[in-house]
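Visitor: I am new to this structure and would like to go through it by question and answer. Please show it to me.

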Amino acid sequence: MRLILITGISGSGKSVGLNALEDAGYFCVDNLPPKLLRHLVETRQEEGGDNLAVAVDARSADSLAGLPADIRALKEEGHDVKVLFLTAKTESLITRFSETRRSHPLSHRVQPESGPGGQPTLTECIFREREMMSTIEGIGHVIDTSGLSANKLRAWIKDLVETDRTPLTLLFESFAFKFGVPLDADLVFDVRVLPNPYYDTALRPLTGRDEPVIAFLDTQAHVAELLADIRNFVEKWLPAFKNDNRSYLTVAIGCTGGQHRSVYMVEQLARHFRASERVLLRHRELNLPN
């Protein structure tokens, strides 16, 4: 059976992810107590189902401790198990809860700093939830949904679940430092030291995927040198990450606006590594068609 487990922080997009998987033909179950996971898998097998997606969150925090062992056991039984951990920056979560006017799932379970009888703040609930979920954050692939549209998140999840059963998937992501470093990055490289096409008025409205910008950066000696250094670093340490039994390695490349230099570098790195590795691309700041 192919099992996708979606978990993470409330407000980070778990419902969006689960809906995307349902549209892709998965049998989906929301808010499943973790201790029932293996029983559900057995039941679905008996019914002939082969694609299952399950959402688990802090509402079942009391039984999260046994989840890593259950996932290991399912993998040992031959199931294809992927774990996606969705998170977002606190300010993004606060904005989302404010827009939807929903209360946090832990609002009636968290002890407020003001003492008994008081109402915990949203920030207090988010902080407590991060603590509760930290025990399972490391068992899956982390996706930072801060600033992502629902459509972009659906597209990213679709790309992730469609990856083949390879030892490791390399994920290259471009981003803008002015909007913060992605929370899901394993390796971060800063390319703001490179010549910036933004200062050429003809190149400003373009991106690092457009030929004029590519031609400009191709002629810069420091661009080629830094690109080679990043490529060599990843190549040197990639075997170690594979030996660590990782499913994904996210390499984030940042520039000032996330439009030109970081996009160019990510595209070049992806082109190089596709010859030998399973590669995915993300451009966080670009509004690309789905």
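Guide: A residue is called buried when its relative accessible area is under 20%, exposed when that area is over 50%, and partly exposed in between. The model shown here is predicted.

Visitor: Is Cys 255 buried or exposed?
Guide: Buried requires a relative accessible area under 20%. The relative accessible area of Cys 255 is 2%, so this residue is buried.

Visitor: And is Cys 125 buried or exposed?
Guide: The cut-off for buried is again under 20%. With a relative accessible area of 1%, Cys 125 is buried.

Visitor: How many disulfides does the structure hold?
Guide: A disulfide needs two cysteine sulfur atoms within 2.5 Å. The number of disulfides in the structure is zero.

Visitor: How many salt bridges are there in the whole structure?
Guide: A pair counts when a side-chain nitrogen of Lys or Arg is within 4 Å of a carboxyl oxygen of Asp or Glu. The number that a search of the whole structure finds is 14.

Visitor: How far apart in the chain are Glu 77 and Arg 38?
Guide: These two residues form a salt bridge, with 2.5 Å between the closest N and O atoms. Glu 77 is in the loop between helix H3 (67-76) and strand E4 (80-87), while Arg 38 is in helix H2 (residues 37-46). The pair therefore links distant parts of the chain, and the separation is 39 residues.

Visitor: Are Lys 89 and Asp 144 buried or exposed?
Guide: This pair also forms a salt bridge, its closest N and O atoms being 3.4 Å apart. Lys 89 lies in the loop between E4 and helix H4 (90-100) and Asp 144 in strand E5 (residues 141-144), 55 residues apart. Lys 89 has a relative accessible area of 16% and Asp 144 has 3% relative accessibility. Both values are under 20%, so both residues are buried.

Visitor: Which residue forms a salt bridge with Asp 186?
Guide: Asp 186 sits in the loop between strand E6 (169-176) and strand E7 (187-190), and its partner sits in the loop between helix H8 (221-243) and strand E8 (248-255), so the bridge ties together parts 60 residues apart in sequence. Asp 186 has 35% relative accessibility and counts as partly exposed. At 3.3 Å between the closest N and O atoms, the partner is Arg 246.

Visitor: What is the strand order in the open sheet of four strands?
Guide: The edge strands are E7 and strand E9 (278-283), each pairing on one side only. From one strand to the next the twist averages 20°. The pairing is parallel, and the order is E7-E8-E6-E9.

Visitor: How many bridges join E6 to E8?
Guide: Two strands pair if there are at least two bridges between them. E6 and E8 run parallel, and the number of bridges joining them is eight.

Visitor: Which residues are on the covered face of E7?
Guide: In a regular strand, side chains alternate between the two faces of the sheet. The uncovered face of E7 has Val 188 and Asp 190. The covered face has Leu 187 and Phe 189.

Visitor: What is the bridge partner of Phe 189 in E8?
Guide: E7 and E8 run parallel and are joined by four bridges. The partner of Phe 189 in E8 is Ile 253.

Visitor: Which strands does helix H9 (residues 261-273) lie across?
Guide: Another helix, H8, lies across E6, E7 and E8, at about 170° to E7. Helix H9 runs at about 170° to E6, and the strands it lies across are E6, E8 and E9.

Visitor: Which UniProt annotation covers residues 169-286?
Guide: This span is 37% helix and 22% strand, and its end C-alpha atoms lie 22 Å apart. According to the UniProt record, an unreviewed entry, the annotation is "domain: RapZ C-terminal".

Notes: Residues are numbered from 1 along each chain as its sequence is written. This is a predicted model: local features need pLDDT of at least 70, side-chain atom pairs count only at pLDDT 80 or more; totals for chains, interfaces and linings use all residues. Side-chain values use heavy atoms; hydrogens and water are left out. Helices (H or I, at least four residues) and strands (E, at least two) are DSSP runs, numbered from the N terminus. Buried means under 20% relative accessible area, exposed over 50%, partly exposed in between (1.4 Å probe, protein chains only). Axes are lines fitted to C-alpha atoms, for helices over the stretch in contact, and angles run from 0 to 180 degrees between N-to-C directions. Contact means heavy atoms within 4.5 Å. UniProt positions are given in the numbering used here, feature names are shortened, and annotations may be inferred rather than shown by experiment.
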